[in-house]
Amino acid sequence: MGLLEYSIKKGMLRFTNYLVRFCSTYPKPLRSLKKKSSSKRVKHFVDSKRVTAVGGRGGNGCISFLQLWANENAGPDGGDGGNGGHVILQASNNVKDLNNVSTILKAEDGEKGRNKDCHGANAEHLVQEVPIGTVIRNDLGKNIADLCVNDAMFILARGGAGGRGNHFFVSDVVQAPMIAELGAEGEHKAYILEVKTIAHFGLLGLPNAGKSTLLQAISRAKPKVAPYPFTTIKPHVGMIQYSDYEQIAVADLPGLIEGSHKNYGLGIEFLKHAERCSCLLMVLDASQDPLSDLKILRSELQSYSDKLASKKQIIVANKIDLNESKENITHLEKLEGEEIIPISAKYGYNISVLLTHIRRIYDKLLEND
């Protein structure tokens with residue numbers, strides 16, 4: 001039996017009954033007909049950013065005295081200044097990450113007051129769209145807002161109030177006040193924005209396990225692929241399309257090494273990426289020692305967080321096209337109760353089986369929610 005025939009037989013063993021029962025009616029994964037971008041610029045997923053919000057300054061009040069024909073002392077007519085704009089975050093389905101969020105968010109200033117009791121115009125508020133599920137933290141790291149609903153808003157910095165003109169200060173005692181207020185300064189605050197959920201599924205594995213190659217095989221994403229460790233230092237997200245128009249987001253996460261929970265390698269920053277995925281695809285290099293790799297991955301997850309370790313996991317044995325993989329996959333099959341899918345991301349072996357299984361898990365997660 002050839003290696004290809006062996007891999008297909010093993011890969012289909014656990015899913016034969018399922019495919020027979022559901023393939024005729026179950027949504028099928030689609031290959032994207034749109035060509036991948038020819039640009040050499042690689043865009044990664046930005047799920048964390050530190051921003052400074054500055055509210056707009058209020059306009060100054062005006063000092064003015066009205067002069068009319070035959071009445072040069074018509075009285076004070078200085079108008080009030082306009083209010084400065086707020087800096088507002090709004091959750092939206094139109095954006096997927098924080099890539100378009102500037103590090104400095106500055107609202108416009110209000111206009112100053114004018115003569116003839118003309119008040120200055122209020123400034124427009126700066127409304128910045130962010131993905132649904134964005135968590136807002138202050139400088140101390142405390143959570144102060146969670147934009148988990150579409151169109152939910154949070155004011156990062158309030159604009160200053162406009163100053164009052166000299167017409168406001170007229171009294172029985174003072175008929176010609178020579179004073180007016182300056183516009184108030186807007187709030188100036190710093191925040192940390194984090195996207196709580198970056199994808200439905202996260203590709204988790206040691207360096208050079210083939211995660212980036214797999215993401216390229218199942219989506220239009222273009223993460224960097226190279227034969228050395230840590231080619232991925234920022235997450236990349238690709239979309240899997242299905243025949244019922246459903247789309248599932250899959251994230252290529254930076255490689256994990258032993259001791260990551262102690263901040264080795266990319267450390268805590270990497271584990272935060274994994275924590276924001278609904279399900280983990282444990283990508284193992286079948287040509288090396290997949291059992292040992294799986295033990296390291298699960299140990300790091302457990303050491304970092306019990307919640308992270310309890311997430312749904314799918315074991316994906318990659319690189320079955322290599323001769324060294326045959327015996328190692330046999331050892332993996334001895335793991336009782338585990339879902340193991342042998343694939344070759346480079347040559348596309350069993351990719352359709354993996355995508356069908358991903359859809360089934362995705363539907364179960366929706367039912368539980």
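Modeller: Happy to! The largest nonpolar core has 26 residues, and those with the most contacts inside it are Phe201, Leu214, Ile314 and Ile358. A nonpolar core here is a set of buried Ala, Val, Leu, Ile, Met, Phe, Trp, Tyr and Cys residues joined through side-chain atoms within 4.5 Å. Buried means under 20% relative accessible area, exposed means over 50%, and partly exposed is in between (1.4 Å probe, protein chains only). Keep in mind that this is a predicted model, where local features need pLDDT of at least 70 and side-chain atom pairs count only at pLDDT 80 or more, while totals for chains, interfaces and linings use all residues. Residues are numbered from 1 along each chain as its sequence is written, and side-chain values use heavy atoms, with hydrogens and water left out.

Which elements build this core? Those giving two or more residues are strands E12 (199-204), E13 (236-242), E14 (247-252), E15 (277-285) and E16 (312-318), together with helices H3 (211-218) and H8 (351-368). Helices (H or I, at least four residues) and strands (E, at least two) are DSSP runs, numbered from the N terminus. H8 provides the largest share of the core, seven residues. For a look at one member, take Leu214: leaving aside neighbours within four places in sequence, Leu214 is in contact with Leu203, Val283, Ile343, Ala345, Ile351 and Leu354. Contact means heavy atoms within 4.5 Å. A second, separate core has 24 residues, including Ala249, Leu253, Ala274 and Leu294.

Leu294 is also one of the buried residues of helix H5, along with Pro290, Asp293, Ile296, Leu297, Glu300 and Leu301. They cover an arc of only 160° around the axis, so they lie on the same side of H5; the arc is that of the directions from the helix axis to the C-beta atoms. The general idea is that an α-helix has 3.6 residues a turn, so residues three or four places apart point the same way. The length of H5 (residues 290-304) agrees with expectation too, because its 15 residues at 1.5 Å each should span 21 Å and its end C-alpha atoms are 21 Å apart. The expected span is 1.5 Å times one less than the number of residues.

Now for the aromatic rings. Rings of Phe, Tyr and Trp (its six-membered ring) pair if their centres lie within 6.5 Å; planes under 30 degrees apart count as stacked, over 60 as edge-to-face and the rest as tilted. By this rule there are three aromatic pairs. Phe154 and Tyr191 have ring centres 6.5 Å apart and planes at 85°, so they are edge-to-face. This pair links distant parts of the chain, with Phe154 in strand E10 (residues 153-157) and Tyr191 in strand E11 (residues 188-195), 37 residues apart. Tyr191 is buried at 5% relative accessible area, whereas Phe154 is partly exposed at 22%. Phe168 and Phe169 also form an edge-to-face pair, because their centres are 5.3 Å apart and their planes meet at 85°.

Finally, step back to the whole chain. The chain holds eight helices and 17 strands, and buried residues make up 46% of its 369 residues. Among contacts between residues at least 6 apart in sequence, 74% join residues at least 24 apart.
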